[in-house]
Amino acid sequence: MARKRWKDEPWAERPEVLLEELDRVYRQAIKLGKCVSPAQTALKRIREFRGWGPGIPDASLLQAIESMEVVYIPSGVGPGPGFMFPVRDMTGAIIRADVRMLDDAVYGYRYISLVNKERFVGPGWGGLDDATMEGIIQTRTVLLEEGPFDELACRVAAPNLPTLAPLSKRLNDDHWEFLNILGVKTIYVMFDNERNKRGTGAADLMTQRKDFEVIPLTCPAHDPSDALRSTTKFRALQFVLK
């Protein structure tokens, strides 16, 4: 059986179309008493999918989910089942969304990115919002993680630390310029504990920048998301990000 082509779907370059459909689905579910809120549903599904333990406070996780606007996509809706991570551009509009598929076989990918690059203004940052930008400007500091679940985990562990995810192991010129404009001086980096054959990791390459103080942090697990599977490692992650 041939795989479906997600790029042919009506929401492939217009994530707002999928968000509108999800809004209708959740409004109806709430009306029928099938769920409390989209964020509560995302919380439950994320715990199940990532194996995040009971030692992770619901209140902290819910706050992080709401700040990142994470939405669970049910089966039968768009590319569902999966998780949608909206990405706002420099105008504040949601022009992109990254979707973590729960069934890789549908399109043949774990992640699919819904975006029209010609409409997207500025660099792509996961978790970009007014509160995060204000925190960066005030502290002149930011913590960078590789992907959306890692960023979510770090926001749970350190809710007062401004965090962003470049959604890649590499920052392009637009990313660096954005950090310069916000007056960033110190960049903490917590990427997956992966190194190439030369023993160099992506965070190590960032330390070569001379216009920022780049400080790689060692995650107590394979990555921040993995740390939330264990209460002990979650506490250790909190300590590292303290």
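Residues are numbered from 1 along each chain as its sequence is written, and side-chain values use heavy atoms, with hydrogens and water left out. Because the model is predicted, local features need pLDDT of at least 70 and side-chain atom pairs count only at pLDDT 80 or more, whereas totals for chains, interfaces and linings use all residues.

Confidence (pLDDT, the predictor's confidence in each residue, from 0 to 100) has a mean of 91 over the chain, with 93% of residues at 70 or more. Elements are DSSP runs numbered from the N terminus: helices are H or I of at least four residues, strands E of at least two. Among them, β1 has the highest mean pLDDT (98) and helix α7 (residues 202–206) the lowest (62). The pLDDT is below 50 over residues 196–200, a stretch with three contacts (heavy atoms within 4.5 Å) beyond near neighbours in sequence.

Four strands form an open sheet in the order β1-β2-β3-β4, with antiparallel pairing; pairing requires at least two DSSP bridges between two strands. At the edges, β1 (71–73) and β4 (111–115) each pair on one side only. Neighbouring strands are turned by 30° against each other on average, direction ignored; axes are lines fitted to C-alpha atoms, for helices over the stretch in contact, and angles run from 0 to 180 degrees between N-to-C directions. Seven antiparallel bridges join β2 (residues 82–88) to β3 (residues 94–101), and glycine 82 has methionine 101 of β3 as its bridge partner.

Helix α1 (residues 15–31) packs on this sheet and touches β1, β2, β3 and β4, its direction making about 85° with that of β1. Helix α2 (residues 38–50) lies across β1, β2 and β3 and runs at about 120° to β2.
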